[in-house]
Number of protein chains: 4
Amino acid sequence: MSRTLAELTVAVRDFADARDWQRFHNPKNLVLALVGEVGELAELVQWRTPDEATELTATLAGRKAAEDELADVAIYLLRLADELGVDLSAAIEAKLDRNERRFPRT
Amino acid sequence: MSRTLAELTVAVRDFADARDWQRFHNPKNLVLALVGEVGELAELVQWRTPDEATELTATLAGRKAAEDELADVAIYLLRLADELGVDLSAAIEAKLDRNERRFPRT
Amino acid sequence: MSRTLAELTVAVRDFADARDWQRFHNPKNLVLALVGEVGELAELVQWRTPDEATELTATLAGRKAAEDELADVAIYLLRLADELGVDLSAAIEAKLDRNERRFPRT
Amino acid sequence: MSRTLAELTVAVRDFADARDWQRFHNPKNLVLALVGEVGELAELVQWRTPDEATELTATLAGRKAAEDELADVAIYLLRLADELGVDLSAAIEAKLDRNERRFPRT
């Protein structure tokens with residue numbers, strides 16, 4: 001069952017706290033960690049053609065790699081929003097609302 | 001109220017579909033778009049000291065900027081997971097479980 | 001005339017010093033600034049097809065944008081190597097030598 | 001001896017050509033490869049304090065890692081500029097000239 005962003009935020013925070021990692025988790029470090037994980041995501045698709053990249057998750061190894069790297073990016077994003085005191089779910093909805101007005105439907 | 005990742009994924013997908021943007025949203029393009037937004041997040045903290053970065057959301061302008069850029073990163077991450085057919089909520093939980101065994105609590 | 005990396009490194013360092021910017025130019029900040037500029041580079045190609053991206057510099061506006069963003073990335077890379085005391089030209093040549101042995105010619 | 005950007009560009013191009021890699025080296029792929037290498041650079045400093053990051057190259061292992069990752073970023077940047085037909089040395093000098101007018105010396 002898909003969990004709320006608030007639940008996932010707490011799960012990720014508790015994980016870090018239980019390991020005393022929150023002392024490393026200031027916003028600058030978390031942005032850098034996010035960059036590291038986005039870099040690994042880029043490596044998964046960099047030499048693939050667009051069609052091959054679309055088929056990345058068609059093999060078990062590709063699926064595992066994609067799940068792994070997407071999760072890593074998400075985990076640091078949740079930690080970063082949490083450390084900055086931002087409600088990420090609300091921020092996403094506010095942004096979609098704003099974009100709804102900026103970009104009319106076709 | 002915080003929404004589930006599955007709900008947010010559908011909201012973000014519908015937004016793109018209503019604008020006929022899904023034709024741009026292949027995995028390679030979405031990784032590049034994610035990189036663009038992570039770059040904007042980096043710009044928010046690059047010249048701040050660690051303490052200043054921690055205080056980024058203490059001003060209204062800083063809070064708005066952080067919410068905006070975090071939402072943009074999240075939106076492309078949700079779109080990317082969706083296009084790759086990855087259940088991001090499950091991937092995060094699987095990763096936390098795996099890390100629970102890899103990194104013992106202190 | 002193409003200049004050496006050593007000459008460009010000094011030009012970029014002098015530029016920063018003349019503005020008292022070296023106090024911001026520690027390695028972490030420079031990596032974040034590099035990320036910001038790489039993000040702008042990504043934005044230039046993110047929605048283009050591979051063929052359209054190859055043609056980016058065929059228009060004057062595209063050429064100016066590419067030159068601008070490539071220069072920004074290069075400038076922060078030179079500053080970063082300089083602050084870390086790394087001779088970038090020697091590092092590139094050492095890497096090419098090492099790769100020459102790792103990856104045989106076809 | 002530090003080499004010119006034009007010489008390094010040719011060395012890096014020849015290396016790719018000798019391995020028939022130029023077929024992978026379109027601008028989108030090269031931006032993604034650059035992102036992957038910038039991610040590895042970020043990993044070198046992400047959990048270090050600013051002072052620790054400044055001291056990265058004080059140990060032999062840190063120096064080797066920094067040289068290695070900086071070279072990888074530089075190599076893809078040179079390949080990208082080359083594929084886009086941009087004279088990177090001239091672009092850097094043009095940018096410094098433009099910034100000289102935009103940002104007065106202190």
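**View 1. The interface of chain C with chain D.** In this predicted model, about 5300 Å² is buried between chain C and chain D, with 69% of it on carbon and sulfur atoms (buried area: the accessible area, 1.4 Å probe, that two parts lose on being put together, summed over both). Contact (heavy atoms within 4.5 Å) joins 63 residues of chain C to 63 residues of chain D.

**View 2. The salt bridge of Arg19(C) with Glu100(D).** The side chains of these two residues meet at 3.0 Å, N to O. Between chain C and chain D the count is ten salt bridges (a side-chain nitrogen of Lys or Arg within 4 Å of a carboxyl oxygen of Asp or Glu).

**View 3. Helices α2(C) and α4(C).** The axes (lines fitted to C-alpha atoms over the stretch in contact, with angles from 0 to 180 degrees between N-to-C directions) of α2 (residues 27–45) and α4 (residues 60–83) of chain C come within 9 Å and cross at roughly 165°. The two helices (DSSP runs of H or I, at least four residues, numbered from the N terminus) are therefore roughly antiparallel (over 145 degrees).

Residues are numbered from 1 along each chain as its sequence is written, and chains are lettered from A in the order in which they are written. Local features need pLDDT of at least 70, side-chain atom pairs count only at pLDDT 80 or more, and totals for chains, interfaces and linings use all residues; side-chain values use heavy atoms, without hydrogens and water.

Terms used. Parallel < 35°, antiparallel > 145°, perpendicular 65-115°, else oblique.
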